[in-house]
Amino acid sequence: MSGESGQPQAGPSRAGLDLPNLERNRAGVPGGVIRRAGAQAPRSWIQKVLEQIIGSPRQWVTPSEVVPVFVLAVQRYLLEDEPRDTVPKPPLYCYDVTISDGVYREKCYLDPSLNFLVHQNILKVGIEMRICRVSCLYNEKRLGQGILCIDNVRCGDTSDAISVETPFRNRAHGEKPERPLRGGKSHYLALWNNEDPYGDIWLTDKQPEEHNFSDTKIISLSRLEMTWANRRSFPALLVRILHKSKLRYYGKPDKKMIEPYQTFLEVADSSGTVSVIMWNALCPEWYKSLRVGLVLLLQDYSVKKSYPFRMQPIPVDPEIKLISTMEICLNLRDPPTNIIIIPEKQVKPEWRLPRLNHRFITRSELDDMPINHICDVIGILVFVGRVQRSKKKENGEDFWSYRWIHIADGTSELPFIVELFSTSQPEVFENISPTTYFACTQLRVVRNDAQVPKLLYLTTTNESRVFITGHKGQPYTYDAKNANQPSTSQAARREIQSPERNGKRPLEDEPRCSQSFQAATASSSQSNKIRIVQGPCAKPVAVPQLEASVQAKGNKPGTPSTPLRPDDPITAFLRKARKTTSDRWESQLWREKKFGLIDHLHYSHVYPESIPRKFISEHRKFLSEQYNSQPAKYIPPEGRPPKLDDFESARSLGHFEVTILGLNHEIAIDVAFLPMYSPEDVRTSQIDTLLTCMNYSCVYPQGLTGNDQPQGPRALAGDIIKAASELDRAHIIGILDICNLGNNKVEVYLQKIYSPKNTS
């Protein structure tokens with residue numbers, strides 16, 4: 001029925017469908033031949049449904065028996081415009097869903113009206129699903145071909161009964177890339193973003209090969225810059241890769257491009273550095289094999305005038321000329337580019353190719369770095385946040401994937417705080433965990449010294465690369481200037497394993513929002529994940545939950561963040577939590593209004609994946625899976641996996657539940673407030689008001705002198721309750737961070753509050 005369908009998982013071969021080897025049919029729907037046959041194999045639900053729809057005069061059927069099937073894969077691709085479409089439509093991402101009934105498996109097309117089930121992480125791999133209605137999409141150009149379409153489903157919970165004895169494999173004639181069921185695209189996209197390479201088309205086997213240069217004419221970059229406009233053909237280039245960008249996917253429904261990818265390489269010889277653009281099918285063939293530091297021989301390339309608005313990275317050597325008037329283009333055709341990786345042992349000193357010049361800094365040096373400064377860092381990971389997503393455009397379907405990490409290098413008590421966006425290295429991005437050696441290049445400094453406390457963190461750029469597999473063989477080890485720099489990670493490891501830390505470091509999730517209200521509103525319009533609220537403030541009630549590890553039950557973690565917005569303007573009040581201490585404080589205004597509300601929304605529940613956990617190395621794989629996005633293919637667990645609630649929370653202060661009342665006192669919402677507090681990281685400042693505590697989303701215990709013992713979380717919580725009274729009847733403006741965890745689970749956090757007198 002489908003191009004990858006009808007593959008037995010266990011037992012005898014499938015007799016219900018006679019499927020040919022998959023051949024690419026760009027004019028229509030790829031798929032198997034729908035054909036009746038004798039029932040030699042055990043009857044399966046999938047086979048019954050196929051026979052039922054073949055024998056039905058209608059285009060869709062309701063299965064006579066609805067039984068649970070297991071979801072083995074959810075794969076995404078861009079569907080092209082149909083020939084009858086006269087007006088180009090916006091990008092429409094489609095999903096192929098591979099299901100199994102325990103006997104056979106079938107790849108099905110998910111009706112686009114059900115795409116929201118994937119977006120909300122309801123339909124995902126590893127769950128049981130009941131298909132209530134199916135249809136068949138036929139290939140009208142070939143007799144007997146069609147694909148099974150899922151039109152209506154009921155999604156269940158994750159199942160432990162999935163058995164995949166036969167892995168999902170490509171068909172005969174060798175390993176072919178998996179093909180989407182519809183359209184002319186040759187490959188699937190990554191499930192949650194467009195930057196990551198995904199699938200079998202991305203090759204990794206390109207190796208260096210020695211080259212005989214006796215008959216090869218080579219031109220320098222500076223000479224090419226002066227003469228390219230008057231040339232019809234170009235001699236070879238011999239260059240070293242200095243930077244490599246992440247992938248850019250530019251596919252559109254109205255563009256008939258099979259592999260619409262683009263990436264930039266910054267390359268250099270002794271005369272200058274220039275941008276090289278690799279286009280389309282060359283990206284899957286070469287992207288994963290090209291590394292920073294490799295020496296390339298480029299032949300049969302093209303040259304064009306450079307794009308005027310693209311900013312090139314800062315040259316690694318200020319003495320090398322930056323060539324910005326032209327770009328080198330590499331294509332599979334017109335002309336077909338020839339790329340050769342030259343072994344390092346064949347590189348001759350007389351070529352004078354530039355060596356890499358990294359800009360490693362220590363954490364103690366970061367405080368003096370100016371805004372937008374580009375640097376490299378190395379150390380030990382001490383905190384890894386969950387994967388989140390933010391929309392690239394307000395009404396678009398494309399997202400950025402990112403996570404927050406902290407890196408210790410032993411030169412400061414403070415870590416590097418890094419906003420790590422996907423760098424088209426999913427094999428690294430999805431496998432980072434605390435205590436791992438970690439290096440990241442081409443980071444940009446973000447800072448605001450006017451904010452108290454100062455805002456200071458690093459964020460990735462288009463050319464950032466990440467490394468976790470140790471120092472040996474990495475490109476930065478070739479830089480003599482930084483030969484001893486990785487030793488800082490040894491100091492970091494000694495620090496993280498010290499008795500005071502005991503290998504555990506509870507840290508905040510991310511830098512908090514700007515001190516400037518106007519900056520916060522600008523940020524909200526870009527990220528589409530925070531909500532501005534305002535109103536008068538009466539006496540709040542605050543009750544902390546001291547044991548965060550017992551505060552939430554029952555969510556499968558690892559889901560992506562997507563935006564959600566409430567409808568009404570609101571104002572903040574604090575209210576008690578479920579597991580409470582005796583400290584509480586309630587506004588008289590709240591007592592008067594809470595029983596006369598039109599609506600009271602409850603979003604103060606904090607789910608397990610939102611709680612930082614103390615890392616245990618033996619469960620590294622399990623914890624990494626919980627804080628990553630859901631995979632596109634089902635991976636059977638090894639043994640009986642633990643539960644996330646079994647891991648100790650790193651947030652000893654717990655969280656507060658806050659009730660927010662609307663300006664008209666008719667609508668209220670419960671949200672969570674999570675101040676960062678670590679007894680191992682005592683600061684000297686004192687939080688004296690609830691307003692400043694919320695402004696910075698952290699708690700600074702009182703400064704200690706002599707033999708004084710630091711305050712415990714219970715005492716600090718009491719101080720926050722006491723400070724709450726200072727907001728009695730005060731007007732405030734609040735910022736809410738709203739996170740859709742998928743599967744109808746939503747969290748709303750009070751990120752920051754402002755006084756209307758100080759919103760500039």
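User: Which strand gives the largest share of the lining of the second largest pocket?
Analyst: The model is a predicted one. Among the elements that each supply at least two residues of this lining are strand E10 (248–249), strand E12 (272–279) and strand E14 (302–305). The largest share is three residues, and the strand that gives it is E11.

User: Between which domains does the second largest pocket lie?
Analyst: The pocket holds about 1,200 Å³ of space. Its lining counts 42 residues, with Lys246, Arg248, Gln262, Trp400 and Asn462 nearest the centre. Residues of the lining come from both domains, so the pocket lies between domain 2 (218–351) and domain 3 (363–482).

User: How many residues in the lining of the second largest pocket are nonpolar?
Analyst: Sorted by class, the lining has 13 polar and 13 charged residues. Tryptophan counts as nonpolar, and Trp400 is one of the residues nearest the centre of this pocket. The number of nonpolar residues is 16.

User: Where does the second largest cavity lie?
Analyst: The search of the whole structure finds 13 cavities of 30 Å³ or more, and the second largest cavity has about 130 Å³ of space. Its lining is made of 15 residues, and those nearest the centre are Leu242, His243, Val292, His358 and Thr441. Two domains both give residues to this lining, so the cavity lies between domain 2 (218–351) and domain 3 (363–482).

User: Which strands each supply at least two residues of the lining of the second largest cavity?
Analyst: By class, this lining divides into six nonpolar, five polar and four charged residues. The strands that each supply at least two of its residues are E9 (237–244) and E21 (437–448).

User: How many residues apart are tyrosine 402 and phenylalanine 421?
Analyst: There are nine aromatic pairs. One of them joins tyrosine 402 and phenylalanine 421, with 5.3 Å from centre to centre and 35 degrees between the planes, a tilted arrangement. Tyrosine 402 belongs to strand E19 (residues 399–408) and phenylalanine 421 to strand E20 (residues 416–421), and the pair links distant parts of the chain, 19 residues apart.

User: Are tyrosine 402 and phenylalanine 421 buried or exposed?
Analyst: The cut-off for buried is under 20% relative accessible area. Under that cut-off, tyrosine 402 and phenylalanine 421 are both buried.

User: What sits over the ring of tyrosine 287?
Analyst: For tyrosine 109, the charged end of arginine 182 sits over the ring, 5.0 Å from its centre. For tyrosine 287, at 3.9 Å from the ring centre, it is the charged end of lysine 244.

How values were computed:
Residues numbered from 1 in each chain as written. Predicted model: local features only at pLDDT ≥ 70, side-chain atom pairs only at ≥ 80, totals over all residues. Heavy atoms only, no water. 1 Å grid on protein atoms, 1.4 Å probe; cavity = no way out; pocket = protein on both sides within 12 Å on 5 of 7 lines; lining within 4 Å. Points joined across faces, edges and corners; volume = space filled by probe spheres on them. Helix = DSSP H or I, 4+ residues; strand = E, 2+ residues; numbered from the N terminus. Domains from an automatic or database assignment. Phe/Tyr/Trp six-rings, centres within 6.5 Å; stacked < 30°, edge-to-face > 60°. Buried < 20%, exposed > 50% of the residue type's maximum accessible area, 1.4 Å probe, protein only. Lys NZ or Arg CZ within 6 Å of the ring centre and 35° of its normal.
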